[in-house]
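Please look at the sequence and the model first.

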Amino acid sequence: MSFPSGQDPLSVTDRQTTHQASLAKDPSLPGYRLSAEGRQGVEDERLSLLEEIFDPLSRQRRTLVQPGWRCLEVGAGRGSMAKWLAQQVGEHGRVVATDVDTSYLQRLSIPNLDIRRHNILSDPLDDLGPGSFDLVCARLLLFWLAGKQENAIRRMVECLRPGGWLIDEDGDWGLVAPVDPAHPHYEPYHRAWRNGEWWTARGYDPLFGRKLPVLFERCGLVNLRHKASASVVRSDSPWGLWWRQSLEGIRASEQADGSLTEERDKEYESLTAPLNDPSYWLMTAPIHACWGQRSLS
Ligand SMILES: C[S@@+](CC[C@H](N)C(=O)[O-])C[C@H]1O[C@@H](n2cnc3c(N)ncnc32)[C@H](O)[C@@H]1O
């Protein structure tokens, strides 16, 4: 894949910066629901499966990375993509992997990989090296930063050198759905899912992934590219298993914060029961990949 260089200047007004900073602190907005705190083992397993499912395509989507580059992986999780980037940039390159929880990343010991505990919404960018990265990436992170995604993207853009690339991969998670109207689980699933409004009730945008090109453009990036991919899978596929683990993780967070009502619990049952039935086929969420380049000027 080749990417021509662009011309548009990056513009961040004081007014936008102040507005975005206040959003970052707004406690009424939802946060990350799959924190590993108190469930380290199951989250390790879920993230491991996530890597197995998503890494092959994510690697293809990062073929622009060159030996010697400086790369930043934001919200790196267990770190499989950071590790792969460290191999690609080689001994003359460097990768910085950040996360709000670095307990999994700390297990990695790779000479050209630095691990930083860092919140992309609120911690100082000086800790990372603003204006210094050839590539900044994130995967399945921005969806969770509801109402604060533009702020996060602007901050990631600030980390790029002029001409550097930002890549993000995020889903339209509201589109996960069974495909066979004749299946007995089809109707109960849709009654609980409400065309993805299940996410809206929790404060998230069920169609977030498709908005990445618009957000990238708004943040001043140029030479935008976009691709999306989805598949139809059986419930006992790795994707089906991972989706069940993810729903169970969200349910656990609601149980912990007291928001798991009886009605919500019944909805979880309607969404997860089909995932134990191997005759059930579902469409995965389309995962959108977006590329954009910081202007050279
Ligand atoms: C769904 S996991 C994805 C992990 C990794 N990007 C991957 O695809 O393998 C989201 C990760 O983002 C991290 N995270 C959540 N909010 C964050 C924030 N504000 N700043 C940095 N990392 C964050 C979480 O701790 C978690 O490790």
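The sections below cover the model, a sheet, the ligand shell and a pair of helices.

## Model and numbering

Residue numbers start from 1 along each chain as its sequence is written. The model is predicted: local features need pLDDT of at least 70, side-chain atom pairs count only at pLDDT 80 or more, and totals for chains, interfaces and linings use all residues.

Helices (H or I, at least four residues) and strands (E, at least two) are DSSP runs, numbered from the N terminus.

## An open sheet

An open sheet is formed by 3 strands, ordered β6-β9-β8, with antiparallel pairing. Because β6 (177-178) and β8 (232-234) are at the edges with a single partner strand each, one side of each has no neighbour in the sheet.

Strand β9 (residues 281-283) is joined to β6 by 2 bridges; strands count as paired if DSSP finds at least two bridges between them. Ala-177 has Met-283 in β9 as its bridge partner.

## The ligand shell

Around the ligand there are 20 residues, of which Tyr-32, Gly-75, Gly-77, Ile-120 and Arg-139 come nearest. A residue is near if its C-beta atom, placed from the backbone, lies within 6 Å of the molecule.

Helix α2 (40-60) and strand β2 (94-99) each supply at least two residues of this shell, and α2 gives the largest share, 3 residues.

## Helices α5 and α9

In α5, Pro-188, Tyr-189, Arg-191, Ala-192 and Trp-193 meet Glu-267, Ser-270 and Leu-271 of α9; contact requires C-beta atoms, placed from the backbone, within 7 Å.

How values were computed: Contact = placed C-beta atoms within 7 Å.
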